[in-house]
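I would like to follow the helices, the core and the contact between the chains.

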Amino acid sequence: MDQQLPKHDCRNFVEKVFLVLDGELPEQERNLFIKDIERCKGCLEHYHIEKTFKEFLVAKIERKECTEKLKQDILMQVKAEDKKS
Amino acid sequence: MENGKLVKKTKDRVFKKEFLPHMDALYNFAFHLTLNEDDANDLVQETFLKAYRFIDSYQQGTNAKAWLFKILKNGFINEYRRKTKQPARVEFDDIVSFHDTDEEGRLEYLDLRQELFQGMLGDEVTRALNELPVDFKTIILLCDIEEFSYEEIAKIIDIPIGTVRSRLHRARNILKEKLRDYAQKEGFKENR
């Protein structure tokens with residue numbers, strides 16, 4: 001399989017790592033990227049660091065939810081807006 | 001459609017089915033932008049009111065979430081940035097200097113091993129995010145938290161996709177630096 005891949009170039013990793021992690025590449029291209037970086041210890045390690053960091057942010061950043069009062073206020077305002085028009 | 005405008009019944013259905021489900025996500029975005037519950041409430045209310053008023057310009061069944069986020073972002077820029085508590089913006093010089101250092105270290109990476117952050121709390125990470133210049137904070141929220149595509153983000157914040165990519169990269173690096181400094185200062189190498 002490795003023979004089908006072009007020679008590994010770390011610049012390709014830098015170019016594509018976030019596209020892969022952010023879901024911006026089609027699955028086939030993503031799979032090729034993973035196979036490519038598996039041949040380079042540094043790139044593979046960096047990939048896992050970036051992946052871990054993204055997962056870490058998603059897990060740790062606080063998510064606020066709006067209150068029931070805000071929901072009701074919005075619905076009331078929309079009703080009032082309707083009456084105006 | 002009646003005279004080119006949505007009839008009330010359709011309007012209400014679109015509002016309830018396509019807009020209201022995004023209320024929590026919008027509130028979360030608003031809170032991180034304003035860092036204040038009252039301002040976030042106002043911003044979300046204004047967003048939904050504007051969305052209702054201009055519902056005719058929304059194409060049913062398309063990307064309501066991105067449309068609403070764009071309204072909210074514009075509302076934030078128009079109303080809140082003019083206030084005295086203007087949040088920090090990404091200045092051109094910051095971008096240039098950060099870009100320069102980033103270029104030098106393109107094939108290197110920050111020492112961001114997982115164990116360094118194991119004991120870090122959500123509050124600490126959220127604080128670090130909230131301290132970022134607003135343009136950097138915005139792009140991380142839109143990409144990592146709300147999972148918008150680069151194309152959607154480009155439309156929401158009116159920048160080219162290439163700028164989305166570069167700004168996201170810089171924003172993440174700044175956040176990593178902040179968290180690394182914090183983790184090292186607080187001795188997070190050992191689990192708390």
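This is a predicted model: local features need pLDDT of at least 70, side-chain atom pairs count only at pLDDT 80 or more; totals for chains, interfaces and linings use all residues.

Residues are numbered from 1 along each chain as its sequence is written, and chains are lettered from A and ligands numbered from 1 in the order in which they are written. The pLDDT is the predictor's confidence in each residue, from 0 to 100. Its average over chain A is 90, and 95% of the residues there score at least 70. Within chain A, helix H2 (residues 27-37) has the highest confidence, at 95, and helix H4 (residues 68-84) the lowest, at a mean of 90.

Chain B contains 9 helices and 0 strands; helices (H or I, at least four residues) and strands (E, at least two) are DSSP runs, numbered from the N terminus. Of its 192 residues, 35% are buried. A residue is buried if 20 or more other C-beta atoms, placed from the backbone, lie within 10 Å of its own, exposed if 12 or fewer, and partly exposed in between. Two residues are in contact if their C-beta atoms, placed from the backbone, lie within 7 Å. Among contacts in chain B with a separation of 6 or more, 75% join residues 24 or more positions apart.

Helix H8 (residues 150-157) of chain B has as its buried residues B:Tyr150, B:Glu152, B:Ile153, B:Ile156 and B:Ile157. They lie on the same side of H8(B), because they cover an arc of only 155 degrees around the axis, taken from the directions from the helix axis to the C-beta atoms. After H8(B) comes B:Asp158, with a positive phi near 60 degrees.

A nonpolar core is a set of buried Ala, Val, Leu, Ile, Met, Phe, Trp, Tyr and Cys residues joined through C-beta atoms within 7 Å. The largest one has 54 residues, and those with the most contacts inside it include B:Ala30 and B:Ile153. Not counting residues up to four places away in sequence, B:Ala30 touches B:Ala40, B:Leu43, B:Val44 and B:Leu72. Another core, of 6 residues, lies apart from it, with A:Phe13 and A:Phe33 among them.

The contact between the chains takes 28 residues from chain A and 34 residues from chain B. On the side of chain B that touches chain A, H3(B) gives the largest share, 7 residues.
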